[in-house]
Amino acid sequence: MIELNATWRDAVRPGRRIGHAIEAHATIGSTNERARELLGRGAEDGLVVVADEQTAGRGRMGRGWHSPAGRSLSASVVLRRSIDAAEAWRLSLAAALAAAAACDPVAPVTLKWPNDVVAPDGRKVGGILIETAVEGERLVGAVVGIGLNVDWERSAMPHDIRDRAVSLAELAATPVDRVALLARLLDALGDEVDLLDAGVIPLERYAARCATIGARVTVDDHGRRVEGLATGLDERGGLVVEALDGRHHFVSGEVSAVRGVAGP
Ligand code: BTN
């Protein structure tokens, strides 16, 4: 049974694969957790879980994610695909492009590798957590979780993120409609997934939007730490960093310190 409160009704995308149905919650632990549960129970491709507030939101690298009531967009999309698990990185770049496209009409945003949405000064507007279901060498399903800070005043943010995060409304200097934002996000993700299904790899478009490329960075990946110049992406969407001791490739990691365009 899909429950849909009136708030999110206008975000439903009738006739489209992504967003044809939305399960909406006032409060939930994590929309990703719920979407994973639904994926495991046979939910159809393109089902969306959205919540006004998350009490146990999850971020990348095992971190938490703040989603205060009414201040953010927290949505998770169920995808059913059978693709080579080694190609899952394509989905990460495609989801980042979709999130940026959804924000474009309201605020100037760019991307920080691998899939953070950031302001031009590098403060974080949002992030993406993709969780996959893999059978052998195949990815058979995925949950694409997207969190965006929509209208969250700096003074209301926890102290530890206040200097590193910003919301779309602050960047736009005007209120931002979360329902319209979700609708644009679902349309953009639908377009990106259609391109992936058609075999179009988003490497070049992603690289063109990614502020990390061309910046001096520090990348941390489970204890491996490299400082250098991010020169581009490799053929698997990994970040290429030129350091004093040579060239490094990262398939995952946290760009935690960027001097120049890509932020803190
Ligand atoms: C990051 O660390 O940058 C990724 C954050 C992803 C947060 C979103 S909010 C909707 C979905 N549900 C979750 O628990 N996490 C993702």
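How many nonpolar, polar and charged residues does the shell around the ligand have? In this predicted model, the shell is made up, by class, of five nonpolar, eleven polar and four charged residues. Of the 20 residues around the ligand, those that come nearest are Ser30, Gln54, Arg58, Arg60 and Lys124.

The space that the ligand takes is the largest pocket.

In the side chain of Ser30, an N or O atom is placed 2.7 Å from an oxygen atom of the ligand, while a polar side-chain atom of Thr31 lies 3.0 Å from a nitrogen atom of the ligand. Arg60 takes part through its backbone, of which an N or O atom lies 2.7 Å from a ligand oxygen atom. Taken alone, the ligand exposes 420 Å², and 99% of that area is buried by the protein.

A further position considered is Gly223, which is found in the loop between strand S9 (216-221) and strand S10 (224-233). Because its relative accessible area is 75%, and exposed means over 50%, Gly223 is classed as exposed. The C-alpha atom of Gly223 is separated by 9.6 Å from that of Gly253, a residue that is 30 residues apart from Gly223 along the chain.

Note on methods. Residues numbered from 1 in each chain as written. Predicted model: local features only at pLDDT ≥ 70, side-chain atom pairs only at ≥ 80, totals over all residues. Heavy atoms only, no water. Helix = DSSP H or I, 4+ residues; strand = E, 2+ residues; numbered from the N terminus. Buried < 20%, exposed > 50% of the residue type's maximum accessible area, 1.4 Å probe, protein only. Near = heavy atom within 4 Å. Polar contact = N/O pair within 3.5 Å; in protein donor to acceptor, adjacent residues only side chain to side chain. Areas by Shrake-Rupley, 256 points an atom, 1.4 Å probe, with all protein chains shown as cover. 1 Å grid on protein atoms, 1.4 Å probe; cavity = no way out; pocket = protein on both sides within 12 Å on 5 of 7 lines; lining within 4 Å. Sits in = over half its atoms within 2 Å of the grid points. Nonpolar A, V, L, I, M, F, W, Y, C, P; charged D, E, K, R; others polar.
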